[in-house]
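Hi,

Here is the structure I promised to pass on.

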Number of protein chains: 2
Amino acid sequence: MFYGRIFLCPLVFRIFEDMDKGLNLSVFILGNSAAIPTKTGHLSSQLLTYKNNGYLIDCGEGTQMQLIKYNIKHGIIDYIFISHLHGDHFFGLIGLLSTYHLLGRNKPLNIFAPAPLKNIINIQLDVVHTKLSFDVVFHELKGKSLTKILDTDDISVYSFPLVHRIDTWGFKFVQRSKQRKIKKSFIKKYNPRISDIQSIINGDDYTTDSGNVIANSKITIPPPKPQSYAYCSDTRFDDSIAEYVKNTTLLYHEATFDNSMQQRAFEKFHSTSGDAARIAKKANVSKLIIGHFSARINDYEKLREEAAKIFPDTIISEEGKEYIISS
Amino acid sequence: MFYGRIFLCPLVFRIFEDMDKGLNLSVFILGNSAAIPTKTGHLSSQLLTYKNNGYLIDCGEGTQMQLIKYNIKHGIIDYIFISHLHGDHFFGLIGLLSTYHLLGRNKPLNIFAPAPLKNIINIQLDVVHTKLSFDVVFHELKGKSLTKILDTDDISVYSFPLVHRIDTWGFKFVQRSKQRKIKKSFIKKYNPRISDIQSIINGDDYTTDSGNVIANSKITIPPPKPQSYAYCSDTRFDDSIAEYVKNTTLLYHEATFDNSMQQRAFEKFHSTSGDAARIAKKANVSKLIIGHFSARINDYEKLREEAAKIFPDTIISEEGKEYIISS
């Protein structure tokens, strides 16, 4: 599905209106089963994409096979985020790195993860006598509040603490404020010089060759509101999480159990469908998507209905599906 | 496919003729792709079964999902054999152990593997704060010749050295010499006591209540010739291997490359289809099954034909298929 999304000329294409087609902020569910895989459910992993860059979130065993199954090109991933060191969220990482190596990857890979992961990876690479063909840049997660961990040209990423048996972080991805976009009609009418383009998208007015000044607001359109995605898995219900994900466009929140298993959820440091919905409501998000379902759960629709009673705009995450994130 | 194979009463069932149905020595291919998974090919793992006991041979990433996919019960595996510490042969082990733990396994698991694996597993378990619910009995592979590493009631297992970039072992599984089996007609006619059964299958004659002695050879049939299975992956062609697998019923030998890639096979410490066939011929095995195919190979039939020119009874290993081992 990502095959063929080739972005030919970022500099020119991104500054005009209506050119974002195929470059949406979206999330693809590679796996959303909790703890143990099932016949149809793989372990936690998601791929956020934006402008043909991939941001892999968690990497349970089998993630590299899922990437292959869904025709997702290895090369689009430069950033990997591991929420915590329970095996169902990271046991697939060493295999993915090995495959990158065997395929001759040479660009760096950034991994944001709890500190002990670095040692786990290095020990395994030592044993298999592998010096990777690319650099791994390891970024240790450590903030105990909302912490910016990455700025790219396109996106800012934040980590925030969740409440689980071991140190666990959620992630929030926010589109960086876009520049204004130039109206096509202006381009057609005035045929401006390339050197004028940058100043116009920065907000400057345009002066024609004959000296007429045209106000910036007449020849550009404002950027859309930045959209955002937040990922909360695994966590016990906690009010503070709502603060970290406030006003997010799409919130993924774990719902390992249904409402009848509230006590079990608490004891296991997980959430119910109702817990997820309460966070979504309090955080005033636009939409809630629930996942990380226990193998004991057969009726996902029941979970959705339970959540929808509290937060109506709730959907079920389905493995192998892409969700376009829009407000 | 293994679902439903319930062996009700081993002691009684195994000593009579014609009772081995469903208890054959067989091997099920869980994955046979080399190095990198493909859209249809998982990494190395096989399950040898005999009398409802499972012997897992190698455990590439995704093995636990393959076991689930093919309805193979977790509980049948008490022995795992890891040939060497290249990731495509063992990265699935930690996930399988974790799942056993989460399912509450309490019987011991025996792992036969190169020494450094123990440390790799323990470090990962420490990080995820897991004290397994069952004992792992670790057996370090170290012999540089044919070495018996296991005797169960049913089977003997041997390791032997292969020729690869790192220390690598093949495995040979041999049915233990079976006891003679009692003819049904004798049971029907003489209705012997349970206490007589053991002495008869041990070779004793039978004395009737009236004192008549009936020769053992008249009331029993001899056991069939022990069957055997050998696993050679990964290895460069080497004459000595033929000696280790001599007269094996079914030999699995890697054929990572076709004959046109002989030089590459040598450099990478792998075999071609022709190499595999030469070992099979020299070892006088009954049948050869080839696998561990490079992702570059599309035409498996070509490999089979190349091998069959040297050793006619050659077949291709297919993922998801079971092969009954018979001479």
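Setting aside neighbours within four places in sequence, Leu288(A) is in contact with Leu251(A), His253(A), Ala276(A), Ala277(A), Ala280(A), Ala307(A), Phe311(A), Asp313(A) and Thr314(A). Keep in mind that this is a predicted model. Why pick that leucine? Because the largest nonpolar core has 142 residues, and Leu288(A) and Leu288(B) are the ones that touch the most other members.

Now over to chain B and its sheet. Seven strands form an open sheet there, with mixed pairing, in the order β7-β8-β9-β14-β15-β16-β17. At the edges stand β7 (147-151) and β17 (314-316) of chain B; each has a single partner strand, so one side of each has no neighbour in the sheet. On average, neighbouring strands are turned by 20° against each other, direction ignored.

Two helices of chain B go with this sheet. Helix α10 (residues 273-283) packs on it, touching β15 (250-254), β16 (287-291) and β17 of chain B, and its direction makes about 150° with that of β15(B). Helix α11 (residues 300-310) lies across β16 and β17 of chain B and runs at about 165° to β17(B).

As for the pairing of β9 (residues 169-175) and β14 (residues 228-232) of chain B, these strands are antiparallel over four bridges. Phe171(B) has Tyr231(B) as its bridge partner in β14(B).

Last, the domains: chain A is assigned domain 1 (10-178 + 223-317) and domain 2 (181-221). The C-alpha centres of domain 1 of chain A and domain 2 of chain A are 40 Å apart.

Cheers

Methods
Residues numbered from 1 in each chain as written. Chains lettered and ligands numbered in written order. Predicted model: local features only at pLDDT ≥ 70, side-chain atom pairs only at ≥ 80, totals over all residues. Domains from an automatic or database assignment. Core = buried A, V, L, I, M, F, W, Y, C linked by C-beta atoms within 7 Å. Buried ≥ 20, exposed ≤ 12 C-beta atoms within 10 Å, placed from the backbone. Contact = placed C-beta atoms within 7 Å. Pairing = 2+ DSSP bridges. Axes fitted to C-alpha atoms, helices over the stretch in contact; angles between N-to-C directions.
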